[in-house]
Amino acid sequence: MGSNAFFSSILYFFLLATLVSSAPFLSDDIFESGASTGRALLQAKKACGVEFENKNYTVLTSQCKGPQYPPKVCCEAFKQFACPFSNEVNDMTTDCATVMFSYINIYGKYPPGLFANQCKEGNQGLDCSQVTPTNTSSNTIHVAAPPHFFSLATISAFLGFLFHLF
């Protein structure tokens, strides 16, 4: 009976840690190029689960216009576009941030680093909690389960196997 309580408390801990880790922010890490100076195995990133090539960029391109590119307007428009995909874009094991910025620059013809230099809000990045979603009828996405779900499932299966042995 004691091992069941122990297993349950470990499972609740991982569930709580998973819920806390999915905050509604766009991390500042998405603005980095991802180039690494050191060597590491398996540096290849997974393909993005969001089809950014088929998204509607009008919310961004209609509001954020040059040559001045007003920071307040451009950052709000950027958040309206990017915040619905914050979980995917913040996942640095995928190429979602790179792909998203490639298409933003293709459709908007923005100068390199525009959003990285203008859009700063805090230590955690851009706050998406106050962003209201735009019309998403043309923004359908095909997303797999979040990466933290797979971690939780793997750990749970391992712990279940481990406790089954004892």
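Start by selecting N56, which lies in the loop between β1 (25-26) and α2. The model you are looking at is predicted. Colour N56 by accessibility: its relative accessible area is 32%, and because that value falls between 20% and 50%, N56 counts as partly exposed.

The side chains of N56 and T58 are joined by a polar contact of 2.6 Å. Along the chain, N56 and Y107 are 51 residues apart, and their C-alpha atoms are separated by 9.7 Å.

Now select the helices α3 (71-82) and α5 (96-108). At what angle do α3 and α5 pack? The angle is about 125°, and the axes are 13 Å apart. The crossing in which α3 passes α5 is right-handed.

Show the side chains where these helices meet. From α3, pick F78, F81 and A82; from α5, pick M100, F101 and I104. These two groups meet each other.

Last, turn to the largest nonpolar core, which has 27 residues. Which of its residues touch the most other members? They are F52, F78, F81, M100, I104 and F115. To see where the core draws its residues from, colour α2 (58-61), α3, α5 and α6 (114-118): these are the elements that give two or more residues to this core. In soluble globular proteins, nonpolar side chains tend to be buried together.

How values were computed
Residues numbered from 1 in each chain as written. Predicted model: local features only at pLDDT ≥ 70, side-chain atom pairs only at ≥ 80, totals over all residues. Heavy atoms only, no water. Core = buried A, V, L, I, M, F, W, Y, C linked by side-chain atoms within 4.5 Å. Buried < 20%, exposed > 50% of the residue type's maximum accessible area, 1.4 Å probe, protein only. Helix = DSSP H or I, 4+ residues; strand = E, 2+ residues; numbered from the N terminus. Polar contact = N/O pair within 3.5 Å; in protein donor to acceptor, adjacent residues only side chain to side chain. Axes fitted to C-alpha atoms, helices over the stretch in contact; angles between N-to-C directions. Left-handed = near helix turned anticlockwise from the far one by under 90°. Contact = heavy atoms within 4.5 Å.
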